[in-house]
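Me: Hi! I have a structure open and would like to talk through a few spots in it. Could you help me look around?

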Amino acid sequence: MSTDFSVEDKLGLLENTIDYFWTQFAGIVVLLMQLGFAFLEGGCVRYKNMQSIMIKVYLNTCIAVICWWLVGYGICMGSGKFAGTDYYAGSNFAGTKNYSHWVLQTSVGAAANSIVSGGAVERMSIIGYCFLSVAFSSFIYPICAHWTWGGGWLQDLGYIDLAGSGTIHFMSALGALVLTVMLGARKNRWNEKYANEFNPSNTTYICLSTLSLYTCWIFFNAGSTTALSGTMAYAAGRATTNTIIAGASGGLTLMVLHYYKNRNEKSKFSLVMICNGNLAGLVAVTGSCDGIELWAAFVIGILGGLTYWGFGILMHKFKVDDPVDAFPIHGGCGLIGAQFPGWFNTEKGIFYGHGAKQWGIQLLGTVVWLGWSVVLHAVVIFVLKILGLLNVTPEVEEKGLDYAQCGGGGFDYQLLPPILSAGGYENVKSAINQKQNNVPQFGQDNDQQQVL
């Protein structure tokens with residue numbers, strides 16, 4: 001039997017190889033977003049809960065991988081209009097694109113799961129969160145992904161959401177919102193006397209995580225093209241460029257807003273606001289980045305920053321304790337991001353004279369995510385509450401999950417071991433404050449030694 005291949009066959013094989021490698025490589029980089037989420041949430045919480053939230057992010061990564069292997073990928077990418085009916089537990093993968101696509105979809109699913117974890121910080125039990133993560137990765141999110149990308153009914157209607165402004169960010173943030181409301185506020189959260197205790201504990205972590213997420217987000221968006229052959233290289237390049245621009249304009253928007261509001265204060269610049277603005281712009285452009293012009297990406301980043309700012313104010317006004325701003329960033333910006341294909345898409349958007357039909361489809365998808373996510377998350381979280389697996393005890397919350405359940409603090413301050421072990425969080429705070437108070441200030445005799 002001849003083994004000769006025609007030129008067309010060789011070109012086809014080369015194109016498939018490029019596409020599959022691109023998809024798999026993008027999925028590997030997207031998995032690094034979990035590093036970003038771990039440090040972001042760890043930097044936002046109080047020191048006594050830093051390790052516990054990182055444990056939750058790491059656990060939801062492991063859980064997502066196993067759940068997507070067993071059922072999630074089959075539900076997402078299998079045949080069917082409501083849910084997929086094949087590819088469970090890796091069946092029928094051999095000789096297909098499913099190996100590389102599984103890597104991308106699983107990594108994306110883990111990232112979506114980490115958005116929900118933002119509502120769980122400092123007061124949800126680790127075991128309860130694991131059960132919620134299983135439900136999210138096995139059913140809640142894979143169904144949504146199938147409707148949008150796996151041949152489901154919303155995809156048939158023409159719903160556009162390249163990397164999930166609505167399907168991932170808005171839907172997952174609704175889960176985080178339901179979770180944080182049903183958990184209730186942290187003790188003394190809205191007492192002005194203790195306001196400073198709830199400031200982000202480590203802005204360095206937040207900066208590190210945001211830069212990590214910014215980089216990985218490029219592969220999150222551009223990798224969702226799942227191909228580089230033919231004209232898809234242009235789509236991936238367009239998605240990459242628009243992602244970078246929208247993130248930058250979102251960060252600058254929040255810098256300007258915060259500076260204007262605090263221009264007469266010592267805190268006129270805020271690293272946290274710049275980082276959150278960056279993330280807001282990224283979320284807002286995620287659904288439309290492959291089909292818009294560069295100027296639109298710049299505008300979308302600004303609108304994302306403004307939306308985050310507005311939703312943040314509303315959350316504080318209604319005293320919703322969202323420690324990592326999961327809903328203002330992913331929910332508010334995911335909400336508007338889901339609409340942008342109907343406004344700015346060069347082939348179907350209102351701004352290009354194509355009418356409002358596409359926007360109507362985008363609105364339908366938004367309503368679907370709202371109903372599906374709120375109802376399913378509320379049911380699962382209510383069951384956990386009935387089983388006593390939702391909130392930690394008041395004593396554990398007061399002491400901190402790190403010291404009560406995780407063997408100690410998640411950060412080594414180079415303090416003496418007896419200080420760390422004897423009195424827990426309160427002694428750590430006291431030692432840190434004492435250390436800070438003993439640092440010589442400029443103008444003292446030995447300030448030159450401190451500079452050196």
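Me: Which residues of α11 are buried?
Reply: In α11, the buried ones are A296, A297, I300, G301, G304, G305, T307, Y308, G312 and M315. Buried means under 20% relative accessible area, exposed over 50%, and partly exposed in between, with a 1.4 Å probe and protein chains only. Helices here are DSSP runs of H or I with at least four residues, strands are E runs of at least two, and both are numbered from the N terminus.

Me: Before we go on, what kind of model is this?
Reply: This is a predicted model, where local features need pLDDT of at least 70 and side-chain atom pairs count only at pLDDT 80 or more, while totals for chains, interfaces and linings use all residues. Residues are numbered from 1 along each chain as its sequence is written, and side-chain values use heavy atoms, with hydrogens and water left out.

Me: Thanks! What covers the buried residues of α11?
Reply: The cover includes α7, α9, α10, α12 (326–337) and α13 (340–344). 

Me: And how far does α11 reach?
Reply: Its 24 residues reach 35 Å from first C-alpha to last, close to the 34 Å expected at 1.5 Å a residue. The expected span is 1.5 Å times one less than the number of residues. Just after α11, K319 has a positive phi of about 55 degrees.

Me: At what angle do α10 and α11 pack?
Reply: Helix α10 (residues 271–285) and helix α11 (residues 294–317) pack at about 120 degrees, with axes 7 Å apart. That makes the pair oblique. Axes are lines fitted to C-alpha atoms, for helices over the stretch in contact, and angles run from 0 to 180 degrees between N-to-C directions. Under 35 degrees counts as roughly parallel, over 145 as roughly antiparallel, 65 to 115 as roughly perpendicular, and the rest as oblique.

Me: Left-handed or right-handed crossing?
Reply: α10 passes α11 in a right-handed crossing. A crossing is right-handed if the near helix is turned clockwise from the far one by less than a right angle, and left-handed if anticlockwise. On the α10 side, M273, N276, A280, G281, A284 and V285 meet A297, I300, G301, G304, G305, Y308 and W309 of α11; contact means heavy atoms within 4.5 Å.

Me: Switching topic: where is N60 found?
Reply: N60 is in helix α3 (residues 50–77). N60 is buried, with a relative accessible area of 0%. Leaving aside neighbours within four places in sequence, N60 is in contact with Q34, A110, N113, S114, S117, Y129 and S133.

Me: How do the axes of α3 and α4 cross?
Reply: The axes of α3 and helix α4 (residues 98–117) come within 8 Å and cross at roughly 135 degrees. So α3 is oblique to α4, and their crossing is right-handed. Among the contact residues are N60, T61 and W68 of α3 and A110, N113 and S117 of α4.

Me: What about T226, where does that one lie?
Reply: T226 lies in the loop between α8 (203–222) and α9 (232–261). T226 is partly exposed, at 24% relative accessible area. Not counting residues up to four places away in sequence, T226 touches D19, W22, T23, H101 and L104. The C-alpha atoms of T226 and L104 are 8.7 Å apart, though the two residues are 122 apart along the chain.

Me: Last one: how many disulfides are there?
Reply: Zero in the whole structure, where a disulfide is a pair of cysteine sulfur atoms within 2.5 Å.
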